[in-house]
Amino acid sequence: MPIDLLGQYLLNTVMLGLIYALVAVGFTLFFGVMNIIQFSHGDIVMMGAFMCLYLVGAVASADIMPAPAQLIVSFVFAAALLGFVGIAIGRFLVLPMKDAPPLNVLLITLMLGTIIRECVRLFVPGGSNPIRFPPLLSTESYSLGKFTLRLDSALMLIIGAAVLIGTRTLIKRTKLGLAIQAVGQDEETARILGIDDRGVVLATFAIGAGLAAVAGVFSGLYYNQINFDMGLLLGVIGFSSAIVGGLGALGGAVLGGLLFASLQTFGTLALPIGGEYKDIFAFTVVIAIMTWRPTGLLGEKYKERV
Amino acid sequence: MRLRNANAASKYNYQLVVLDDECKPSTGVQVATKAAADQTIVAGITHYCSAVAIATMGTYHRFNLPIVVWGSVLPEVTYGNKFPEVHRVNGTMIDGDRDASKFMRSRGYKTWVVIHDTTDYGKGHLKYFSEALNSDGGQIIGTFAVSSDQQDFTAELTKIKSLKPDVVYVGGLVPLAVRVRSQMEKVGVDAQFQGTGGILSDGFIAGLGKSAEGALAFREGAAVEKLPGGQKFLSLYENQGFEGPPEAYGPFAFAASDLLIDVIEKVGPSRSAIIEELNAKKEWDSIIGKIAFDDHGQNTVSATTLYVVQDGKWQVWDQSEYASGKRHLNSK
């Protein structure tokens, strides 16, 4: 395969992997702090995309700033709104279920995701069809043979990487991040030490929702369209990526996202049986990895048993 | 619309029970079962999505509910079984794909890549379009089967870009077509876009904006303006105050309803009587022309209409600036 074509496939894979990683990091954060699977996370991503789109429309109609500025302003508001949604989910759905089996939280959030998805399909005008997301960043491109890099893709790669590094820095090096880690390790002890465990949980949900907003907007900008069910498969793949990378490990979530995207691309290009089986191939490999490394590639080596 | 305008002198009061199949076979079977099991429902006007239609025909047969299909184009809906309950007023994809192949070859296109969804609809289009294209001397240089909810096509389209086809044919509905067309531009695939009747919707154009310009779609059946009752249908529709346009298959849905009401007026609201009358080998007048079912319940629809997106609207080819030569399709 020519090097320029290979480079193009690699770029496509990294872009897709970035979106998966942003979703996977959210799952990992929720699991890390509360041992729960927030299964509406994919649909929250979708909500973030729709919120940003409508805010862009509102800001654009005022016609007071250029497109990139419209995007930034709209994104900030969308992320803030979505943060409140995340806090509401944490406060009213998850925290009350704190002492229930984790499966209950998974089910309840799965059902919430269905409600969100169906509400968008039914109540957003034209919601059952894909909706155009305008190209708000420069679409100038640079080509070298069969390799083409669009400026908006390059920007998203840089910003996405910065967001992931920023999230890791927040968790590892800030007081809030240390509090999140403390609550994740031992909630009772953290409380005794004066950490507001409920506040930390809600802050985690807000951060997760913020990441969802980034993933949703990136998906809209990259594909130039959003649709009501984009979060369903994103959620499944994001969750699988978090699991295979190691639930609770931020680096694992990123690795899992890139791995999944690579498996899908490889499946499309290299499988003799055809690309329609690429998801079967990708999930089969993920199952095999999980059988080999049950706690994920970068998770703890052994699950602690008491 | 047909029920709203049921003649005041009708023998019966008609009530429309609306059930949404969500274009999902599993949901379709549920709502088909619900309708068919309800003995107050005497007939059905069903389905748009072929994947749903093929999944539900057995249900209607099991409960002896007569139905008239108005949108689904999969041949197997009528020809896959010989169910006396099943009838269809619109054409099948065999005709559409045959005429599409002839037209595209007459424009000089030689090579195609086909992206199709893995439902019966997408697979059916692949099958019938391939057969027609082979007969017409065209060549399919790549085929990609994808799930109808797949979001990312960059891997497939990067491969397609290196194949350099003249045409990218999408055998799927609006969501798939929008994503493929949008990402074709992103990846830089320089080929003519060709779709099926399933993308003939304002949703396709709304999802793409200016990128929809020049996209082609072929639909079985004449354009509404050329239908015998087309103008009557359009003026009636305009007076109803509906939110959206009648869409590509609106006239067929109307014709299906019209036919059923006429049959019920004649034989009464009995499922078995309706089935017998629909299978009685006769012709009915309708806004789409004469309706005559063959022994599989399939109406003969001979014309195929080509549409092209021009300035944000689906335009009948013959009336477009592309046909007159003022604008040009993508060509190598």
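How do helix 1 of chain A and helix 5 of chain A lie relative to each other, and why? Before the answer, some housekeeping. This is a predicted model, where local features need pLDDT of at least 70 and side-chain atom pairs count only at pLDDT 80 or more, while totals for chains, interfaces and linings use all residues. Residues are numbered from 1 along each chain as its sequence is written, with chains lettered from A and ligands numbered from 1 in the order in which they are written.

Now the helices, which are DSSP runs of H or I, at least four residues, numbered from the N terminus. The axes of helix 1 (residues 3–34) and helix 5 (residues 151–173) of chain A come within 10 Å and cross at roughly 30 degrees. Axes are lines fitted to C-alpha atoms over the stretch in contact, and angles run from 0 to 180 degrees between N-to-C directions. The two helices of chain A are therefore roughly parallel, a term for angles under 35 degrees. Among the residues of helix 1 that meet helix 5 are A:Leu18 and A:Leu22; contact is C-beta atoms, placed from the backbone, within 7 Å.

Next, chain B. An automatic or database assignment sets domain bounds, and chain B is divided into domain 1 (25–91 + 227–301) and domain 2 (94–220 + 305–324). Their C-alpha centres lie 27 Å apart. In domain 1 of chain B, 15 residues are in contact with 13 residues of domain 2. The largest share of that side of domain 1, 3 residues, comes from helix 2 (residues 50–62) of chain B.

Last, B:Ala256. Leaving aside neighbours within four places in sequence, B:Ala256 is in contact with B:Ile45, B:Val68, B:Trp70 and B:Val89.

Notes:
Two residues are in contact if their C-beta atoms, placed from the backbone, lie within 7 Å. Angles under 35 degrees count as roughly parallel, over 145 as roughly antiparallel, 65 to 115 as roughly perpendicular and the rest as oblique.
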